[in-house]
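Hi there,

Here is the structure I promised to pass on. Have a look at it first, and then read my notes below.

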Amino acid sequence: MVVVYLFRILILIALVTIIYTLIKYFRNPERYLSIAKEEGDFFFLDDPNNSKKNFQIVYKGCSFEGEKYLGTTEESFEVVTIHLSVRNPLELKGLSRDDLYFLEKEILIRYPHAKVEWKHPINQLFETS
């Protein structure tokens, strides 16, 4: 009789664990990032309260990473510089200058005091203009 109750408790614990794992899987922001990359959508993954943690952007199937640097403004300490790089330069094929301006605009919406600096090879596109 005790074995039956223990078995039921183990089944209940297993079900709770499975449900918890499924919830964690479906709410994982990295999953949203990969879905946006596959579908060619825009997704901005960031922790705005942590200035040390880099943010990630997916736009038109291309992955970007932004490094945030803290500095002073007239009022307070804010993110003042962002170095934006592409994870795989081959993914840049098909992106236009207007797409990069769109990404800058989206970053400046979230970090209005920041100056966006593009890393190689994107910075060469802006130097040729």
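**Salt bridges, and what surrounds them**

The count of salt bridges in this protein comes to 7. Before I go through some of them, please keep in mind that you are looking at a predicted model.

Let me start with aspartate 46 and lysine 68, which form a salt bridge whose closest N and O atoms are 2.9 Å apart. Are the two partners buried or exposed? Aspartate 46 is partly exposed, as its relative accessible area is 22%. Lysine 68 has a relative accessible area of 7%, so it counts as buried, the cut-off being under 20%.

Next come aspartate 99 and lysine 60, another salt bridge, where the closest N and O atoms are 3.0 Å apart. Here too distant parts of the chain are linked, 39 residues apart: aspartate 99 is in helix α3 (residues 97–110), and lysine 60 is in the loop between β2 and β3. Aspartate 99 is buried, at a relative accessible area of 7%. Lysine 60, by contrast, is partly exposed, at 45% relative accessibility.

Lysine 115 and glutamate 117 also meet through their side chains in a salt bridge, at 3.3 Å from N to O. Lysine 115 has a relative accessibility of 52%, so it counts as exposed, the cut-off being over 50%. Glutamate 117 is partly exposed, with 27% relative accessible area.

**Two spots in the backbone**

Most residues other than glycine have a negative phi, and most peptide bonds are trans. With that in mind, two places are worth a look.

One is lysine 60 again: this residue is not a glycine, yet it has a positive phi of about 50°. As you saw above, its place is in the loop between β2 and β3.

The other is the peptide bond from histidine 120 to proline 121, which is cis, with omega near 5°. Where does proline 121 lie? You will find proline 121 in the loop between β5 (115–118) and α4 (122–127).

**The whole chain**

Going along the sequence, the pattern reads α-α-β-β-β-β-α-β-α.

How does the radius of gyration of the protein sit beside that of a compact globule? The protein has 21 Å, whereas a compact globule of 129 residues would be near 14 Å. Along the principal axes, the C-alpha atoms fill a box of roughly 80 × 40 × 20 Å.

As for burial, 28% of the 129 residues count as buried. The protein exposes about 9,100 Å², and carbon and sulfur atoms supply 60% of that area.

Contacts across the chain are part of the picture as well: among contacts with a separation of 6 or more, 46% are between residues 24 or more positions apart.

Last, the charges. There are 16 positive and 18 negative side chains, and the centres of these two sets lie 8 Å apart.

That's what I have for now. Enjoy looking through it!

Notes:
Residues numbered from 1 in each chain as written. Predicted model: local features only at pLDDT ≥ 70, side-chain atom pairs only at ≥ 80, totals over all residues. Heavy atoms only, no water. Helix = DSSP H or I, 4+ residues; strand = E, 2+ residues; numbered from the N terminus. Rg over C-alpha atoms; globule rule 2.2 N^0.38 Å. Buried < 20%, exposed > 50% of the residue type's maximum accessible area, 1.4 Å probe, protein only. Contact = heavy atoms within 4.5 Å. Areas by Shrake-Rupley, 256 points an atom, 1.4 Å probe, with all protein chains shown as cover. Lys, Arg positive; Asp, Glu negative; His and termini not counted. Charge placed at Lys NZ, Arg CZ, Asp CG, Glu CD. Salt bridge = Lys/Arg side-chain N within 4 Å of Asp/Glu carboxyl O.
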